[in-house]
Amino acid sequence: MSAPGTGSRLSRFARNLLPVATGVGMIVAWYAVCLGLSPDHRFLLPSPREVAQAFAEKGPTLWSAALSTGTGALLGFAMAVFLSFGLALFLSLSALVRASFYPYLMILQMTPIIVIAPILVLWVGPGLRSVTIITFLICFFPMVVNTTQGLISTDRNLVDFFRMCKATKWQEIFLLRVPAALPYFFTGLKIGATLAPIGAIVGDYIAGNSSGGQGGLGFLTIVYSSQFQMGALFATAAVGCILGFVFVSGVIALSWLALHKWHDSFSRPDT
Amino acid sequence: MREEQPPIVELKGVEKRYGDGPLVLDKVSFSAERGDFVTLIGPSGCGKSTILRLISGLNPVSAGSIVVDGMEPSRAVEKLAFVFQEPTLLPWLTVAQNVEVPMRLHRTEAATRTETARRSLELVRLADHMDYYPRQLSGGQKMRVSIARALSVSPRILLLDEPFGALDEMTRDHLNEELLAIRQQLAWTAFFVTHSVAEAVFLSNRILVFSANPGRLHGEIKVDFPYPRTEETRESEPYQRLVAEVSKVLRSVERLKA
Amino acid sequence: MRILEVPRRTAVLIAALAAFLAGCSKPAPASPQTGGGARIRFKTDWYPQAEHGGFYQALAKGFYKDAGLDVDIVPGGPGVLVPQLMLSGQVDVAMGRSDDIIVFADQGLPFVIVGAYMEHDPQAILVHEEDTVRTFADLNNRTIMAVPGVHWIDFLKLRYHIDFRQIPSNFGIAQFMSDTSFIQQCFVTNEPYYVRKNGGHPRTLLLSDSGYDPYRIIFTTQGFLREHPEEVRRFIAASIHGWDDFMNGDPSPAKELIAARNTNMTNEFMDYSIKAMREAHIISGKPELGERIGMMTRSRMREQVDALAQLGIIPKTIPLGTIVRFDFLPPELQPAAR
């Protein structure tokens, strides 16, 4: 990747340094903005130091809240993965099936979670179950759509080839359509992975996640905002961000495992 | 004197239209003997690829009949192999696994599959690439794998639809020679579609010329050069004269209106 | 840590950004003098309801106008964060609860309590009649639906040596109605009415009986108080007058105004709330203790501060002067000088 010589060594050093420099620059700008605010407004934007302090003081609370929310997110996400795959298989069978079911899928997607969630809590009870279902509802639709698209977009020639080999419908689905759909499947998964933590936090916010009395990140959001602890609130947001990162990284790692040998999305730039 | 064998493929009055669309093929009739190498040539839209698909059973005829080795095309599928314009390899399988796909679909057992795949790859001289993935291969190599895959089922009839169209001329010439070399060993009947007159003359013993709108069999040109044909054949004068002649016929066909 | 050298162009950019924001951060003028008198934007803590009756009475009967004030009552609602609104200059004076404001003031937020409109908190725990919970100690190991972050939760746990799980409040009673073992927070003036109307049998435990006894207060920012002391004083006086008239006179003007602004409000419900407030001595307090509408005493404020300090919520007891001003109350309600 790097040709010998001092020129590229310097550029590689610069390339690693640049994001760090940008990050430091942003923190400096953040401090500057804080200093520039009037006393009355100062409380609306905590300084980096206050946020760091909140992390230090409330570390254990944030950690268990992250675990609590993360559990709900993971369960809901996993449920969405399996059920969306099954539904996509079903929808891929014929255009008639798709025409019959897509409208209802759309309705499910359009209904705002904020409205469904309280009804859900009433039926299922508050806690991890509700959070899991809310997370599931948020992730489900993009996964179904992407996987279905992948299953029906198989190369026409490959389908013909399989027909020439007198493949059964099941062989066509599991030996051809499903592997060919894997890139689409993982696209849906990546979208779901960004949505799952959000869904769990929203679910948490509405349905609580007090398994063992410890709320999740959504619960903490209400606590810190009503108690006006802005540093802690920002810290909670940062933890939510990290949780999202973890999810997406996990999915990217999975997709690397499945695809890197054969799919162009992982090809090296100068092959 | 050889016993009179029935033609291996026979088309009688075949017509094809897609849905309510215009007539793509109009009363096409011809037959092929075992061992023939028949090339179909003609302007775009004359239905040559369609004929291959009809013979293979991928699409049904609208009128007329096709008999393949005494059967309807869809029943004769086991005796046929199709090489498409694109290599149509499954990108998530290795070269060897790709060659094994038809056998896997027929539920051949693993040991036989592996051995047969290896032999097929040896025929196309890619046995040392068995564990490569398609994206690591060049266009020509991918095509050879596709051919190896077609050969793995020991077909009686090989259908090839412009298989070398996307390759450069040198690769194409090499692959033509390879194809004929394999044919020496395996003696299948071939139906070949191409736009290249030079290729048609090099490969086949019969050239069927079609006109377009709708597709009709315009005429046939026999190619008498003996097999095996090599580079030297390409340089020979009779070959080049025949190429010129066929080209002329092709140009005249292109000028025909329906 | 080495200080990173910031290139000159970037430094100028940062300085410009900071200056721009500093310029933007001056709060909008809080109460421009209009023809109708000094303007006060007063934020309530919920949709218009009888628990805000005194203020609406003062508005409807012109007490504010007589005091030279143009008062705008801005309703709150679920999830509305009043302190943030006040700091960003969108409201001038607001309702609150004394414990919250004490905690904010300890955090250094520039809030100050200037008056009280309820002598006792209408907050209560709502259980079904047949529930085994009779006292606060019985809440041990149960699950309660309450707003996350309220301090009385910690108080109850500490005071009665109990623990319980908490789920976030959705301010409804649907779950309560469908589950006879459900426990949630409520206002004695509100939820029990709806439970009964739907055929349920509710029972309440008034939080102020647990020893946690905040005032429901009127508060503002130090800045606004400094710039408009007279207006604040007159506002408080007119509001107390409104509450007196609402509870002891004819509350119809307030009720009409509330009903006009909150289409879900019925007279029957408002009458229920007023009756509940009277029975629990919410507004005027217990006469035997010398309590009166709008009064605030030093001793009760100190009790509040001590309770919060005991809970570890505020690190030490802070001087009352930093959180509450008694001198904006009408003279007869001010506590004796220390």
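Hi everyone. Before we start, one term: I'll say two residues touch, or are in contact, if their C-beta atoms, placed from the backbone, lie within 7 Å. Please also keep in mind that what you see above is a predicted model.

Let's begin with one residue, His129(B). Where does His129(B) sit? In chain B, look at the loop that runs between helix H3 (110–123) and helix H4 (139–151). Leaving aside residues up to four places away in sequence, His129(B) touches Val95(B), Leu137(B) and Gln141(B). Next, find Ala96(B): 33 residues separate Ala96(B) from His129(B) in sequence, yet their C-alpha atoms are 8.1 Å apart in space.

Now to the inside of the model. The largest nonpolar core contains 133 residues. Ile134(A), Cys139(A), Ile55(B), Leu158(B) and Leu159(B) have the most contacts inside this core. The element that gives the most to it is helix H7 of chain A, residues 169–207, with 16 residues. Let me pick out Leu159(B): again not counting residues up to four places away in sequence, Leu159(B) touches Leu52(B), Ile55(B), Ser56(B), Leu80(B), Phe82(B), Val83(B) and Phe191(B). Apart from this core lies another, of 96 residues, and among them are Val93(C), Leu205(C), Ile217(C) and Ile240(C).

Last stop, where chains A and B meet. Here 14 residues of chain B are in contact with 16 residues of chain A. What is chain B's side made of, by class? It has 10 nonpolar residues, two polar and two charged.

Conventions
Residues numbered from 1 in each chain as written. Chains lettered and ligands numbered in written order. Predicted model: local features only at pLDDT ≥ 70, side-chain atom pairs only at ≥ 80, totals over all residues. Core = buried A, V, L, I, M, F, W, Y, C linked by C-beta atoms within 7 Å. Buried ≥ 20, exposed ≤ 12 C-beta atoms within 10 Å, placed from the backbone. Helix = DSSP H or I, 4+ residues; strand = E, 2+ residues; numbered from the N terminus. Nonpolar A, V, L, I, M, F, W, Y, C, P; charged D, E, K, R; others polar.
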